[in-house]
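Visitor: Please take me through the reading of a sheet, its packing and its side chains.

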Amino acid sequence: MTASPSPSHIVVIVPTSTPMVSVTGARDELIRVIEKSFSDSVILVRGNEITIDGPKPSVDLIETLISEMLVMLRTGQGLTPESVERSIAMLRSDVRPADVLTANIISSRGRTIRAKTLNQKRYVDAIDENTIVFGIGPAGTGKTYLAVAKAVQALQSKQVTRIILTRPAVEAGERLGFLPGTLSEKIDPYLRPLYDALHDMVDPDSIPRLMTSGTIEVAPLAYMRGRTLNDAFIILDEAQNTSAEQMKMFLTRLGFGSTMVITGDVTQIDLPSGTASGLRVVRDILTEIDDVAFCELTSTDVVRHKLVGKIVDAYGRYDEKRASQDQRPDRRNS
């Protein structure tokens, strides 16, 4: 018979300089998140005291969580139910949330861009530590956004002299010629997500000047052919829509003093049937090469609406079910 954990009782005193509502949340929404995650414990708030009763492992973890929340508040970061949920997941993985959630990448236009999950922090760290990094995961996990933030940081700190953002213009092929407008106007819709991320981090008024000077370049993948890219931070977005040949072409553009980040979602491939995705193939080819990192992001790293993560998981289960059904032998002809 296994003995139940011994009960524990702890009182956490919140400094009077910290408004209690910032710790408990409006209408105690943050406390409710903690109570839901630790259903074996009781949390009571009176004045600036938070009393915790329950099994010792849970009480100790809640006490650590509140301490981490106070650290994050002191650094100027607001707390949300989502950030508290992520903090609990990190603590259960023996990771300090404050180490992850308070590490600034850049501050721009009154906002600070940071990693919001443990895997995002590992992704950002991998970019610092490697020349080529692959960020692979579903929509909403911050793959492209964080890569652009690291590119702007590298440009501001003069680690590179230019930023190059590129993505394959899938479906452009024959259809491109039928679209109205100049070539630039035709390809702009494919590049719009990169422009959007850039506008969040760089003064919009300065972007045309930086693009005219070549400091920032946003172009389709086809424009990379035949070039050597030195002293640049290069991002290839939507890499699942490259062929194996295009991926090789892109990777061999790497020049001295450059960093490459390749992002994509292998569950959203738009290539013609029968064309292998370069993002699927490249891991088997480069996985043993030093200075190349592969970072996996999952539905738990989705930082959009909470439903997005659930949608990603639901589609994953659906795809797995279909794959298992397709692999079953057809007994009708046996």
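The dialogue below goes from the sheet to single residues.

Guide: The model is predicted: local features need pLDDT of at least 70 and side-chain atom pairs pLDDT 80 or more, while totals for chains, interfaces and linings use all residues. Residues are numbered from 1 along each chain as its sequence is written, and side-chain values use heavy atoms, with hydrogens and water left out.

Visitor: What is the strand order of the open sheet?

Guide: Strands (E, at least two residues) and helices (H or I, at least four) are DSSP runs numbered from the N terminus. Two strands pair if DSSP finds at least two bridges between them. Here 6 strands form an open sheet in the order 8-7-9-10-6-11, and the pairing is parallel. Strand 8 (216–220) and strand 11 are the edges, each pairing on one side only. From one strand to the next the twist averages 15°; axes are lines fitted to C-alpha atoms, for helices over the stretch in contact, and angles run from 0 to 180 degrees between N-to-C directions.

Visitor: Which strands pair with strand 6?

Guide: Strand 10 (residues 259–264) is joined to strand 6 by 5 bridges, running parallel, and I132 stands opposite M260 there. Strand 11 (residues 292–296) also pairs with strand 6 in the parallel sense, over 5 bridges; A293 is the bridge partner of V133. Further along the sheet, strand 7 (residues 162–167) and strand 8 run parallel with 5 bridges, and I164 faces E217 across that pairing.

Visitor: Are the residues of strand 6 buried or exposed?

Guide: Buried means under 20% relative accessible area and exposed over 50%, with partly exposed in between (1.4 Å probe, protein chains only). In a regular strand the side chains alternate between the two faces of the sheet. In strand 6 (residues 132–136), 5 of 5 residues are buried. I132, F134 and I136 lie on one side, V133 and G135 on the other, and both faces are covered.

Visitor: Which helices lie on these strands?

Guide: Contact means heavy atoms within 4.5 Å. Helix 6 (residues 118–129) packs on the sheet and touches strand 6, strand 9 (232–236), strand 10 and strand 11; its direction makes about 165° with that of strand 11. Helix 10 (residues 244–251) lies across strand 6, strand 7, strand 9 and strand 10, at about 155° to strand 10.

Visitor: How many aromatic pairs does the structure hold?

Guide: Rings of Phe, Tyr and Trp (its six-membered ring) pair if their centres lie within 6.5 Å; planes under 30 degrees apart are stacked, over 60 edge-to-face, and the rest tilted. The structure holds 1 such pair. The ring centres of F134 and F294 are 4.5 Å apart and their planes are at 5°, so the pair is stacked. F134 in strand 6 and F294 in strand 11 are 160 residues apart, so the pair links distant parts of the chain. F134 counts as buried because its relative accessibility is 0%; F294, at 18%, also counts as buried.

Visitor: What is in contact with A151, beyond its neighbours within four places in sequence?

Guide: A151 is in helix 7 (residues 143–156). With a relative accessible area of 0%, A151 is buried. Leaving those neighbours aside, A151 is in contact with I163, F233 and I235.
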